[in-house]
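Q: Please take a close look at one part of this model, the cluster of aromatic rings. Which residues do ring pairs link into a cluster?

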Amino acid sequence: MNRRHVTFGVASSVKDILTSAFPFTLPAHRRLVVTLHAYLDASANNPDDECIVVAGFIGTPEQWIPFSDEWKKLIVDWGLPHFHMTDFESKDEGGQGRGPYKNWTEEMRRGRLNQLLDLIDKYAIHSIATGVPMGEFKKYAALRVPHAPY
């Protein structure tokens, strides 16, 4: 099998990636390429974090299209511009929600969060997550990005 060397896990082209994943020695009927879409978010908030975690959901376009339509309808019905878990979980010193969630009771918060989770389950969109020590991330990011975000 012909394997190409990939530096830092980054291939030089799509052709290199596909050749590595699906060598020409593999019969054509055994080669499969699937298009997936992902929505991800990173957890690191400041340079002192020890690890950066990226997590989110992955699925096919056939899953994402109806999911997105239903998600948007819920968000609009609740009067939100978008939903972001960090903002949703943020509370003031008195335990009251902040921003667009300020007037939501705890019962409303949990009920609406459960609606969103049920929607994810309905479309069988899968969760994914990975973590990288911050030092390793910074070394790699410095090679790829002029000003690393963390």
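A: What follows covers the ring cluster, then the charges over its rings, then the sheet.

The model is predicted: local features need pLDDT of at least 70, side-chain atom pairs count only at pLDDT 80 or more, and totals for chains, interfaces and linings use all residues. Residues are numbered from 1 along each chain as its sequence is written, and side-chain values use heavy atoms, with hydrogens and water left out.

Ring pairs link Trp64, Phe67, Trp71, Trp78, Phe83, Phe88, Tyr101, Trp104 and Tyr123 into a cluster. Rings of Phe, Tyr and Trp (its six-membered ring) pair if their centres lie within 6.5 Å; planes under 30 degrees apart are stacked, over 60 edge-to-face, and the rest tilted. This rule gives 10 aromatic pairs. Trp64 and Phe67 are edge-to-face, because their planes stand at 80° with the ring centres 5.2 Å apart. Both residues belong to helix 2 (residues 61-77), three residues apart, about one turn of the helix. Helices (H or I, at least four residues) and strands (E, at least two) are DSSP runs, numbered from the N terminus.

Trp64 is buried, at 5% relative accessible area. Phe67 is buried too, at 7%. Buried means under 20% relative accessible area, exposed over 50%, partly exposed in between (1.4 Å probe, protein chains only). Phe67 also pairs edge-to-face with Tyr123: 6.4 Å between centres, 80° between planes. Tyr123 sits in the loop between helix 4 (106-122) and strand 3 (126-133), and Phe67 in helix 2, so this pair ties together parts 56 residues apart in sequence. Both Phe67 and Tyr123 are buried.

Now the charges. The charged end of Arg109 sits over the ring of Phe88, 4.3 Å from its centre. Arg112 lies over the face of Trp104, 4.5 Å from the ring centre. The rule asks for NZ of Lys or CZ of Arg within 6 Å of the ring centre and within 35 degrees of the ring normal. Arg109 is in helix 4. Its relative accessibility is 1%, so Arg109 counts as buried. Leaving out residues up to four places away in sequence, Arg109 touches Phe88, Glu89, Lys91, Gly97, Tyr101 and Trp104. Contact means heavy atoms within 4.5 Å.

Three strands form an open antiparallel sheet, ordered 1-2-3. Two strands pair if DSSP finds at least two bridges between them. Strand 1 (37-42) and strand 3 are the edges, each pairing on one side only. Six bridges join strand 1 to strand 2 (residues 51-59).
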